[in-house]
Amino acid sequence: MKAKDIKKLAEDLRENYNTRNPFELAEKYGIRVVVSKMLPIDRKAYTIRSDNYPTIIIINGRYEHKSQLVLCAHELGHALLHSDDINNFAVTSKNAFKNVEYEANLFAVSLLFNESDFNMKVLNMSNYLLKQVLDYNIVVEE
């Protein structure tokens with residue numbers, strides 16, 4: 001999917017469902033979101049997809065609620081954009097800057113933020129910059 005189409009999808013979801021909340025949007029698509037404090041701190045979130053079962057997004061409950069929204073938005077991007085490509089998708093050092101990560105980051109930023117929040121167009125942001133925007137908003141709960 002092209003970057004402009006990913007951005008438009010996120011914006012259309014916001015408008016059509018009148019929410020930016022990725023937990024609510026996941027529910028609309030039959031995607032189950034589980035928040036668990038049982039994950040190690042370095043395992044922020046991941047998506048599981050298998051035949052004959054609903055897609056599941058696992059979010060680490062050790063992070064603040066705002067952080068959980070960011071993590072869920074990113075994983076929702078994977079679930080909606082990469083449904084044929086994932087079985088158990090997690091970010092690793094090997095895939096952190098691959099195209100699927102760029103697409104999920106672009107989706108999350110486009111869902112959660114207005115373009116006017118930035119001094120540049122979202123479509124002009126590199127994956128590194130998109131990831132920085134998201135990572136800035138991920139904080140461990142104290």
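Predicted model: local features only at pLDDT ≥ 70, side-chain atom pairs only at ≥ 80, totals over all residues.
Local features are reported at pLDDT of at least 70, side-chain atom pairs count only at pLDDT 80 or more, and totals for chains, interfaces and linings use all residues. Residues are numbered from 1 along each chain as its sequence is written, and side-chain values use heavy atoms, with hydrogens and water left out.

**Overall picture**

You will find 5 helices and 4 strands in the chain, arranged along the sequence as α-α-β-β-β-α-β-α-α. Here helices (H or I, at least four residues) and strands (E, at least two) are DSSP runs, numbered from the N terminus. Of the 142 residues, 45% count as buried, where buried means under 20% relative accessible area, exposed over 50%, and partly exposed in between (1.4 Å probe, protein chains only). The accessible surface comes to about 8,200 Å², with 48% of it belonging to carbon and sulfur atoms; areas come from the Shrake-Rupley method with a 1.4 Å probe, and for residues only the protein chains shown count as cover. Among contacts (heavy atoms within 4.5 Å) with a separation of 6 or more, 62% join residues 24 or more positions apart.

**Confidence**

The pLDDT is the predictor's confidence in each residue, from 0 to 100. Its mean over the chain is 90, and 89% of the residues reach 70 or more.

**Two helices side by side**

The expected span of a helix is 1.5 Å times one less than its number of residues.

| Helix | Residues | C-alpha span, end to end | Expected span | Buried |
|---|---|---|---|---|
| α3 | 65-81 | 24 Å | 24 Å | 13 of 17 residues |

Because 13 of its 17 residues are buried, α3 is largely enclosed by the rest of the structure.

**A look at serine 67**

Serine 67 lies in helix α3 and is buried, with a relative accessible area of 1%. Leaving aside residues up to four places away in sequence, serine 67 touches Asn137, Ile138 and Val139. Isoleucine 138 is 71 residues from serine 67 in sequence, yet their C-alpha atoms are 4.3 Å apart. A polar atom of the serine 67 side chain also lies 2.6 Å from the backbone nitrogen of valine 139.

Technical notes:
Polar contact = N/O pair within 3.5 Å; in protein donor to acceptor, adjacent residues only side chain to side chain.
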